[in-house]
Amino acid sequence: MKVVAFNGSPRPKGNTSILLNHVLDELKNEGIATELVQVGGRPIQGCLACYKCFEKKNKKCAYDKDVLNECLDKMWEADGIILGSPTYFSDVSAWMKALIERAGLVNRANNDLLKRRIGAGVVAVRRAGGIHAFNSLNHFFLIAQMIVVGSSYWNIGIGRNEGEVNNDEEGLQTMRTLGQNMAWLLKKIQV
Ligand SMILES: Cc1cc2nc3c(=O)[nH]c(=O)nc-3n(C[C@H](O)[C@H](O)[C@H](O)COP(=O)(O)O)c2cc1C
C-alpha cells in the first residue's frame, strides 16, 4: 500500500509541507509506504484543452514538457492521494490548480483510473479562505469517484511564515488523525 502526497506550495519546507508530513508520518507508523512529491515552484502549466488525452487514452497528458506526467505516473500507482496547497487568494496555488486540471482530465479520459481510491486535501492558511481552497481540493477527488477521508476538523493548519504552522497544535493533531483515518480505511478496503 502506498500514499503519495503532492505539495502545491513553492516553499518545499513551508507550512503545507509540514502539515503533509504529519499525515504521512502516521501512515508510515502503520506500515504504509509514502512519498511526498514537490510540485510547487516546478514547471507545470494549466490544461491546454487539446483533448488529446481523450483521443490517445494512454494515461498521459499530450503536453510532456513539464512535471505533470511524472506526477500522473505516481498517482496511478498510489492507493491513496493527498493534495496539499497553501491558500492563495482564497483558493489553491496556481501549481495545484494546474495539477488538478490536467490530472483530472487525463483521469476522466482514461475511465476514472482513480475510482474508489482514497483521497484527502490539506491546506495551509494565514487567516481566511482556507475552506474554499479545501473545497477546491475535494472537488478533484469527488468527481474522480474517489473516497474522501475526514478528520476531527477540516484539514487546515494556520500559519504565515515557514514553520509557523508548528504553533497550531490543533491543526497538527487534525493531520495526525487524518493519517490514522487514512491508514484505517486503506487496511479495511485492502483485498
Ligand atoms: C500569493 C499569496 C496569496 C495568499 N493568499 C492568502 C489568502 O487568501 N488567505 C490567507 O489566509 N493567506 C494567504 N496567503 C498566506 C499563505 O496561505 C500562508 O502563508 C501559508 O501558510 C503558506 O503556506 P506554505 O508555507 O506551504 O507556502 C497567501 C500567500 C501568498 C504568497
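## Charge

In this predicted model, the protein carries 24 positive and 19 negative side chains, and the centres of the two sets lie 5 Å apart; Lys and Arg count as positive and Asp and Glu as negative, with His and the chain ends not counted, and each charge is placed at NZ of Lys, CZ of Arg, CG of Asp or CD of Glu.

## Fold and burial

Along the sequence the elements run β-α-β-α-α-β-α-β-α-β-β-α, which gives 6 helices and 6 strands (DSSP runs, H or I of at least four residues for helices and E of at least two for strands, numbered from the N terminus). The radius of gyration is 15 Å, close to the 16 Å of the globule rule for 191 residues, so the protein is as compact as a globular protein of that length (taken over C-alpha atoms, the rule being 2.2 Å times the number of residues to the power 0.38).

Of the 191 residues, 52% are buried, where buried means under 20% relative accessible area, exposed over 50% and partly exposed in between, with a 1.4 Å probe and protein chains only.

## Aromatic pairs

The whole structure holds 3 aromatic pairs (rings of Phe, Tyr and Trp, the last by its six-membered ring, with centres within 6.5 Å; planes under 30 degrees apart are stacked, over 60 edge-to-face, the rest tilted). One of them joins Tyr51 and Phe54, whose ring centres are 5.9 Å apart with planes at 45°, so the pair is tilted. Phe140 and Phe141 form an edge-to-face pair, at 5.7 Å and 75°, and both residues are buried.

## Basis

Residues are numbered from 1 along each chain as its sequence is written, and side-chain values use heavy atoms, without hydrogens and water. Local features need pLDDT of at least 70 and side-chain atom pairs count only at pLDDT 80 or more, whereas totals for chains, interfaces and linings use all residues.
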